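Hi,

Here's the structure I said I'd pass on.

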Amino acid sequence: MEFKLLRAFIVLAQELHFGRAAQRLSIVQPALSMQIKALEEQIGARLFDRDRHSVALSETGRIFLPEARATLHQSARALDIARASGRGEVGNLRVAFVSSVLPDILPTLIRTLHQRYPRIELELKDMSSLEQIRVLRDGQLDFGLVRLPVAAPAIQTRVILREPFVVAMPSEHVLAGQEQVLAAQLGSIPCYLLARRFAPGMHDELLAAFAQLGTQLHIAAELGEYTTMLALVAAGLGFGIVPAAAARALPPNVTARPIELGGHQTALGLAWTELDTPIKRTLHALMQELFT
């Protein structure tokens, strides 16, 4: 059944006048009569009762009218969704992130995406950098927000943020009175780090930066998440070395100070395998716009 026949039927049902209906459809009246006849033949029943003076919907026409409207509405919706999909404006994306992006980067992405592309839905997962690389390779993830560098030939990355490391310490500690902490001042203090298995590239670069400055850290423990680390710092059991973003929400009585590491910073990156769909290209372009 052609959609133009449904449209002709609906317009005639509204006007109940062949001349006015034909004018609205931008066709001649005989063409409209032929379209209605063709539709009635397909259905096998009259849709209109008509004579020289009047046109009225038949019983079949009254029953068919809401169905015809629903069919046209659904076809228009399907066409709209298909076109939006081709533009990368509708669909689902699986995005994983490291927890340090929660205070700023992730909310900014979610808010902007919802404003511009309300029909894109994000499936979000809190996941370590190393685990993100594995699921990206397996095709179970579209994008990851990871700590760089990552050693994975099949994975493409782009830096979206560079930030310094800070040291979180009890607020009453003498070093909390300094604007900046020197690497050498941390050599004898028990320090907590994010475990290497969660972000090996960042872990190795951090220790190398301290070594270049002649300091070997006294590592009290390597932990799986920054919230646990900051809780131990709040308990007075040591210092925590974290990216600046991870220190946005500190527990009571904990202070963060920059570490002088000779300009060394940690990088947060967007990771993916292929930009092989319009919706992936949409998110990639938005990340580039927001975090360049």
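Starting with helix α5 (residues 105-116): it lies across β3, β4, β5, β6 and β13 (266-272), running at about 165° to β4. Helices here are DSSP runs of H or I with at least four residues, strands are E runs of at least two, both numbered from the N terminus. Contact means heavy atoms within 4.5 Å, and axes are lines fitted to C-alpha atoms (for helices over the stretch in contact), with angles from 0 to 180 degrees between N-to-C directions.

Before you go further: this is a predicted model, so local features need pLDDT of at least 70 and side-chain atom pairs count only at pLDDT 80 or more, while totals for chains, interfaces and linings use all residues. Residues are numbered from 1 along each chain as its sequence is written, and side-chain values use heavy atoms, with hydrogens and water left out.

The five strands under discussion form an open sheet, ordered β4-β3-β5-β13-β6 with mixed pairing (two strands pair if DSSP finds at least two bridges between them). β4 (120-126) and β6 (156-163) are at the edges with a single partner strand each, so one side of each has no neighbour in the sheet. On average, neighbouring strands are turned by 25° against each other, direction ignored. Inside the sheet, β3 (residues 91-97) and β5 (residues 143-148) run parallel, joined by three bridges; Ala96 has Gly144 of β5 as its bridge partner.

Elsewhere, β9 (residues 190-194) and β10 (residues 218-223) also run parallel, with five bridges, and Leu193 is partnered with Glu222 in β10.

Cheers
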